[in-house]
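Here are my notes on the model you sent.

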Amino acid sequence: MTDKTSKMTEAQLIDRAREALSDSSWVIGECAAQWTKKYAKGRTDADFGAMVGLSGDQIYQRRRVWESFGDVRDQYSNLRWSHYYISLTWDDAPECLQWAEENKATVAELKAWRRAIHGEDLSISEPFEEYPADSEVTFLSDEPTSVKDPSGYGQSEQGGLGDSGLREQADSPATVGGHARDMGNSGNEYSPFRSGAASPAPKGSGSEVSVVAKPELTPEQAIKRICTAVERSNQMLTPSVQSAFSELSPKLKKRFIKAVSDLNSVAAKLQ
C-alpha cells in the first residue's frame with residue numbers, strides 16, 4: 001500500500017478510484033484494498049463498486065490483483081494488468097510471469113506456454129474465458145434508445161449495404177466474437193507463440209497429443225526466479241504471521257524451519 005493512499009480519507013479514495021475508471025485497474029484495486037482495510041466496516045466490494053461505478057465482481061478482481069501483485073509489479077515492465085489477472089489463482093504465477101516478462105509474451109502466449117509445460121494438448125481449445133483488459137471498463141447507459149429494424153437499412157441492388165449503411169458501418173466500433181488468433185506464415189496454421197519466443201509450443205498434427213518437456217532454465221533465469229520467490233516470501237512474513245507461527249502445527253513449523261535452513265546452507269556455500 002502506498003503512503004499516498006494510506007493517508008486518504010474514504011471520500012478521497014472513492015474520488016481517486018472514479019478518476020481512474022478509464023485508465024488504471026491498478027489504482028482502482030489499490031483504492032479498494034485500502035478502503036476495505038480502513039473504512040469498509042462490514043461493507044463489501046459491491047458497496048465500494050456502487051460508489052465508484054463498477055460492479056462488485058469488477059472491484060473484487062482489481063482488489064485481489066493489487067493485493068497479490070501490487071508489491072512486485074514494478075519488476076515486470078513488459079506485462080499488462082491482464083497478465084496478473086489470469087495468473088491470480090496459479091500456484092506457479094511467479095515463474096509464469098517471469099517467463100512472460102523475459103519473452104515479452106502476450107496474455108494468450110502466456111496461457112499457451114503454461115498449458116504446454118503442464119503437458120496439456122494445445123490442439124484442444126480452452127473454454128472461452130472473458131477477462132477485463134487493463135483499462136477496459138464498459139458502462140451501460142440508463143437512457144432509453146430507439147432500435148431500428150434491420151429491414152430499414154438501405155441496400156444496393158446487388159444485395160449489399162447502401163451508402164447510409166456503409167457510413168453507419170464505418171462509424172460503428174468493430175466487434176469480434178472471440179479471441180483473435182495469430183496466424184503462422186503459411187496463413188492457415190495457428191501458433192500460440194510468436195516465432196521469437198524462447199520456449200515454442202509443442203508441434204503435432206491430426207489427432208496426436210503433443211506434450212513438451214518443461215523448458216530448462218539457464219542459471220541466470222533460475223537465480224532471478226529464486227530471488228523473486230524469496231523476496232515475496234519475506235514480504236509475506238508480516239508481524240501478524242510471525243506472531244501466529246507458534247500456533248501452527250509442529251509438522252508445518254518443522255517443514256518451514258528445514259526449508260529456510262536448507263536455503264541458508266546453500267547460500268552460505270555460494271558466498
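1. Glycine 119 follows helix H8, and its phi is positive, near 75 degrees. Helices (H or I, at least four residues) and strands (E, at least two) are DSSP runs, numbered from the N terminus.

2. This is a predicted model: local features need pLDDT of at least 70, side-chain atom pairs count only at pLDDT 80 or more, and totals for chains, interfaces and linings use all residues. Residues are numbered from 1 along each chain as its sequence is written, and side-chain values use heavy atoms, with hydrogens and water left out.

3. The protein chain has a mean pLDDT (the predictor's confidence in each residue, from 0 to 100) of 74, and 65% of its residues reach 70 or more. Over residues 135-191 the pLDDT is below 50, and this stretch has 36 contacts in the model beyond near neighbours in sequence. A contact means heavy atoms within 4.5 Å. Residues 199-213 also have pLDDT under 50, with 21 contacts beyond four places in sequence.

4. The protein chain contains 12 helices and 0 strands. Of the contacts in the protein chain with a separation of 6 or more, 56% are between residues 24 or more positions apart. Of its 271 residues, 32% are buried, where buried means under 20% relative accessible area, exposed over 50%, and partly exposed in between (1.4 Å probe, protein chains only).

5. How many of the residues of H8 are buried? In helix H8 (residues 107-117), 10 of 11 are buried, and the helix is mostly covered. Among the buried residues are Glu109, Lys111, Arg114 and Arg115, along with Val107, Leu110 and Trp113. The cover over the buried residues of H8 includes helix H6 (81-86) and helix H7 (93-103).

6. Helix H3 (residues 25-38) packs with helix H4 (residues 45-52) at an angle of about 125 degrees, and their axes are 11 Å apart. Axes are lines fitted to C-alpha atoms, for helices over the stretch in contact, and angles run from 0 to 180 degrees between N-to-C directions. H3 and H4 are therefore oblique to each other: angles under 35 degrees count as roughly parallel, over 145 as roughly antiparallel, 65 to 115 as roughly perpendicular and the rest as oblique.

7. On the H3 side, the contact is made by Cys31, Ala32, Trp35 and Thr36, and on the H4 side by Asp45, Asp47, Phe48 and Met51. These residues divide into 5 nonpolar, 1 polar and 2 charged. Here Ala, Val, Leu, Ile, Met, Phe, Trp, Tyr, Cys and Pro count as nonpolar, Asp, Glu, Lys and Arg as charged, and the others, Gly among them, as polar.
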